[in-house]
Amino acid sequence: MIENMAAGLGDLMSISNFISINIGLLIGIIFGAIPGLTVLLCVVLFTPLTFGLSPITAMLMLLGMYVGGIYGGSITAILIRTPGTAAAAATMLDGYPLAQQGKAKKALDMALVASVIAGIISACILLFAAPQIAKATLEFGPSEYFVLAVFGLSIIAGVSGDSIVKGLIAGAMGFFISTIGMDETSAVMRFTFGNSKLLGGIQLVIGLIGFFALSELYLKSTNNKIDDDGLDLNKEESKLTKKDLKSNLVNIIRSSLIGTGIGAIPGAGAGISSFLSYNEAKKRSKHPEKFGKGSIEAVAAAEAGNNGVTGATLIPLLTLGIPGDATAAVLLGALMMHGLIPGPSLFEEQGNIVYAIMLGLIITNIFLFLQGKFLLKYFAKVAHVPYELLVPIISIFCMAGAFSVNNTIFDIYIIIICGVISYILQRLEFSQIPILLGMVLGPLAETNFRRAMVISEGSYRIFVTRPISLFFVVLTLGTLITFVMKSRKAKQPIEAFEGGM
Amino acid sequence: MKRIMNTNFVSGIIFLIVSIGVLVLLPAQIDTMENGPITAQTIPGLLAKVVLVCSIYLIGQGIFDKKNKPIIITSHNIKRELRSTLMVAIYAAYAVLIPLTGFLIASLLLAIGLLAFYKIKIWYYYAIACSIVLLVYFVFEKLLFVKFPGL
């Protein structure tokens, strides 16, 4: 291992590799930031262009896009309440309120620092523990995936705002939307109303654009003045201080580990890890009441959670040849295109290349920090752009992005309708986040529930007799009980005060 | 009546209707030949039932919870909703226009229409917005190979 690492380090250290990393990062950040453009689209489009490059240079460029794309989603999430990626929705919960309070730069800085630290931790774990972690993830079967999805859905309790019942409805709605289209297990059409364009269901990115971006535009249709006093980027309180960093270090490391753990599980994804990290940070915070209203801790947790996935996603990919998500599947294709066949033998036969890629991921995160710091001042200026000018720009990106998913105008109608639904829900004091959680976790939950039922021949005991599954069941119940107890405790002083009156 | 017209009651009614509608449509919309306990209908049906129960709870909360704030309809609120409706109409008109005029022209009209919606009279806002439309069109069509509808 040490010899391969040393050889890999030697292969990594070249100007062409560093340039390709930076090009990849910049492209990835742009794709991640723009709603409708996804990291997947970015990697798909640029993979053929890397054909002429060396395997290390090519993979580093694509990984740069992946890392940059995961981070890029937070920029628009913070500045204009429009997450570029599903994973950035958790960042948006507190990043946008911070931006409204004139602390856009602080939120962006924290998002960058948390992303970089998480990326480095994830890359280091990849480097030193990939084969061991891969063995553990092989123990994940349908029952484990189902219970993990239910655990993720239990977070709805924490992000529903004041009404868990409304959160449940929204979550159920998101889950229901994810069932529209052809059922994977039985190939039966579900709620397509005979429309062939709904065969593939409603894609997550379409839901993201409709429920978040367009609904925000409808809500702001009467707001056409920005209070510039709140957007002074040179104000002291808009800067990230050493105290902020120090007080959030444990939070960031914990969230990074959550992200790494979740990222190592094929199919789990950055969306789950960012919300899990957010929820965990809220439970441990001294000021949980600030979450959802502009807490820098929340931004740190969400971003560390989602970027912690970047290195960990490569664990099952490189060691077992199992892609964790669609983007990883494209990366798998890229690896094979460059003559690298993932699996146990890869580390022995082409160890120097594999270690160069893994070490390169650490360097990628360092360059992410440098690029991010340089570009942040330009990103933060978006907050100064008059809202009336931003609306048509955001609209065009949303429409073009929505069209590009399936090359059909039908998706544009879908995002308009989803926007209206989200608008009405927000007027009725529902949170949109449970809808997103339902859409992201619904397919994972249903597919694996049905598979588990087939394996166990209809017995629910499968969820409590397998150790990892039982662990997540206990964790879910613990989370829900803790939440209910904390809610009751929070209501008691109010009831006592009202009783005294 | 004024007191129970609050967000809990209204959302409870809406979702009660939606969940009943889903349960009524379920057998026709998910026509499965599966005969086990878990079928393609199971999860959607379960979700509709969860929403049904939650909406009944919300209706009850809307009627009996004294902390509910009533929905107050004022001319300001009506104006706000009308503006939002107009914005939705602009986007809907844009979607209808795309197959008729092509993506580029429809998008230029959308950008101009949205700026007019905000009563913008500064000429360079229009210039910037139209330039961004052209840039997006170029990047998506020529660099990302997305085939937009033409004229």
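**Exercise 1. Find how many residue pairs are in polar contact across the interface of chain A and chain B.**

Start with the rule: a polar contact is a pair of N or O atoms within 3.5 Å; within protein, one must be able to donate a hydrogen and the other to accept it, and residues adjacent in sequence count only if both atoms are side-chain atoms. The model is predicted, so local features need pLDDT of at least 70, side-chain atom pairs count only at pLDDT 80 or more, and totals for chains, interfaces and linings use all residues. Residues are numbered from 1 along each chain as written, chains are lettered from A in the order written, and side-chain values use heavy atoms, without hydrogens or water. The rule finds 14 residue pairs, both at pLDDT 80 or more.

**Exercise 2. Identify the element that gives the most to the side of chain A that touches chain B.**

Elements are DSSP runs: helices (H or I) have at least four residues, strands (E) at least two, numbered from the N terminus. Those giving two or more residues include α9 (164-179), α20 (410-427) and α21 (433-455) of chain A. The top giver is α19(A), with 14 residues.

**Exercise 3. Count the salt bridges between chain A and chain B.**

Apply the cut-off: a side-chain nitrogen of Lys or Arg within 4 Å of a carboxyl oxygen of Asp or Glu. The count is two. One of them joins Glu81(B) to Arg427(A), with the closest N and O atoms 2.9 Å apart.

**Exercise 4. Is Cys124(A) buried, partly exposed or exposed?**

Locate Cys124(A) in helix α6 (residues 104-137) of chain A. Buried means under 20% relative accessible area, exposed over 50%, partly exposed in between (1.4 Å probe, protein chains only). Cys124(A) has 27% relative accessibility, so Cys124(A) is partly exposed.
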